[in-house]
Amino acid sequence: MSSVRPFRLYTLALSSLLVLLPSLVSAQSGGMSSAPVQADNKPTEGSQAAAAAAQHPPLLDSQKRPITAGGFVSSGPVIFQDISEKAGITHWKHTMGTADKQFILETDGSGVGLIDYDNDGWLDIYFVNGSTFKALDGKEESPHAALFHNNHDGTFTDVAAKAGVTNDRWGFGVAVADYDNDGWPDIFVANYGKNRLYHNNHNGTFTDVGEKAGITLGNWSAGATWGDYDGDGRLDLFVAGYVHFDRANPPVSGVDGVSLAFCSFRGEPVNCGPHGLKGEPDHLFHNNGDGTFTDVSEKAGVADLPGYYGLSAVFVDINNDGKPDLLVGNDSTPNYLYLNKGDGTFEDVSYASGYALNEAGRETATMGIAVGDFQNNGQLDIYNTTFSDDYKPLYRNEGDANFTDISYQLGIAEVSVPFLGWGDSFIDYDNDGWKDLLAVNGHVYPQVDQHPWGTTWAQRPILFHNLEGKKFDVVPAVEGTGLALVIPARGLAVGDLFNDGKVAAVINVEDQHPVILRNVNPDHHHWLEIKLVGGSKSPRDAVGATVYLNANQIRQRADIMSGGSYISTSDPRAHFGLGDATTVDAIEVHWPSGKVEKFPPPAGVDRIISLTEGSGQ
């Protein structure tokens, strides 16, 4: 048995009540109410919004603009600046189907991965690209992915063709990690169609070894995550399956049993799904250590037998027992939380933990997953982005993998309702030692721009400032700055692109050029970044490790993860804001091997250091 407290099973009982007595679903503390529920616990309308709450009246700013594309202020703190053009990345464009988005395949966008592919100490950027039906049929050139090399001067150069990582398939997610422990990061790309696994050749090029590795699958893979679930020192791969999309019989209302109820939004026709469509199963691939992988999904208990619509996923140690657990964000269906039992299998505690549903006992349309210790109490909390007309839940970890949705208590629920969220991350943007929250947004239906619904296709980001773990404040979007950028955002990765201790945001934008938001916050707080190198019994890149740092009378936690956000991968280094502290008191690393080491504080701060397993105490 897991350590999840039995009383958390109330969520399962509540879900059953919602099926039998939909009239019991009433408004909650923040004024939210649930969508109409059918006998099968699926809302009567709403395609991807299937789990969203009831329709909300438009929220407009003083210029009558929907708040998703407005609400700007003329002055205030400037946190991010859009440096995309100056960085040299605007000539590349993301492409995903056609502009009218007739099918769900054309709507979900792609992820972004931060990777130091040439081991020069500077983060490079991998942008996944989508495709078109004409390209799949060989009638036009396939859109290419981009690998932007960091030139160390604020600019980037696309070397994808030279590196051999253009993908040229209909791409979605990206998970970066060193799966063969050779000291060089590799790239997994989740596609509609066959997936790819790009092995790093150590010379600036990659080779696709997906077929040999046995991880190509087929149909629609979304997010992916690397983690050593069985403790053998080798990274295994989990791939979330989304919708089974049949090119020969694309989902159209009234055809092949696809109901109009799953092809409309607020009474208007839109693309169909995901409800009403068959879900694609999830897969866990065990790393055999010889370049091949074995599908152990069913044996491990993570095969997604109900056929939920998996999008994002991340391996991380949720219950602090030293073993990586697995979070899967599902669209319009309950989320998964699998606890690692340590014997090669997982226990599904999704309902018992409180993570399957939100505070109202409803399914949400989860897009992105952010994981971090926002209270600095040693427990990992979870923030999910969801569909519009629904608040975005923040689940506080009460210990032993028991979660409470406290979004309204923290003041971050109502403001998020009009937005349709995608990539998200805990990010200490001001280096004060408390993790803030960043989410990027954009709708899936271009039709929303034609109606007075108070939401838009292109939307601005939202940044929440952490007030010492007690509450979050919305950071105002100052005109002309990165927080006022209105784009159809999808994938988000965060990291110290410029090695200056300021965490930047990198965004993959649907059907547009990507965006780099440079952190220009004027604080003078101190910081420390730590690159970990695993020993013989841990993955070489230390994915799955947890770092604790004591400074300024605060004990912070950082976890090394591959995956998460919305089908993206962020900086593999642990970043710590130190506030006004000029010294670090203690560093403790919990390695994937189970070894716990204490390291002497570095001589000075505002620097990047490297720690190797076995060299501490």
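The legends below describe an overview and several close-up views of salt bridges in a predicted model.

View 1. The chain holds 8 helices and 37 strands, and its C-alpha trace spans about 65 × 55 × 50 Å along the principal axes. Of its 617 residues, 63% are buried. There are 41 positive and 78 negative side chains, the centres of the two sets lying 0 Å apart, and a search of the whole structure finds 18 salt bridges.

**View 2. The salt bridge between Lys101 and Glu510.** The side chains of Lys101 and Glu510 meet with an N to O distance of 3.3 Å. This pair links distant parts of the chain, 409 residues apart, with Lys101 in the loop between α2 and β2 and Glu510 in the loop between β29 and β30. Lys101 counts as buried because its relative accessibility, 1%, is under 20%, and Glu510 is likewise buried, with a relative accessible area of 1%.

**View 3. The salt bridge between Arg518 and Asp500.** In this pair the closest N and O atoms are 3.4 Å apart, and the partners, Arg518 in strand β30 and Asp500 in the loop between β28 and β29, are separated by 18 residues. Arg518 is partly exposed at 26% relative accessible area, and Asp500 is also partly exposed, at 28%.

**View 4. The salt bridge between Lys502 and Asp523.** The N to O distance here is 2.7 Å. Lys502 lies in the loop between β28 and β29 and Asp523 in the loop between β30 and β31, so the pair ties together parts that are 21 residues apart in sequence. Lys502 counts as buried at 15% relative accessibility, as does Asp523 at 15%.

How values were computed: Residues numbered from 1 in each chain as written. Predicted model: local features only at pLDDT ≥ 70, side-chain atom pairs only at ≥ 80, totals over all residues. Heavy atoms only, no water. Helix = DSSP H or I, 4+ residues; strand = E, 2+ residues; numbered from the N terminus. Buried < 20%, exposed > 50% of the residue type's maximum accessible area, 1.4 Å probe, protein only. Lys, Arg positive; Asp, Glu negative; His and termini not counted. Charge placed at Lys NZ, Arg CZ, Asp CG, Glu CD. Salt bridge = Lys/Arg side-chain N within 4 Å of Asp/Glu carboxyl O.
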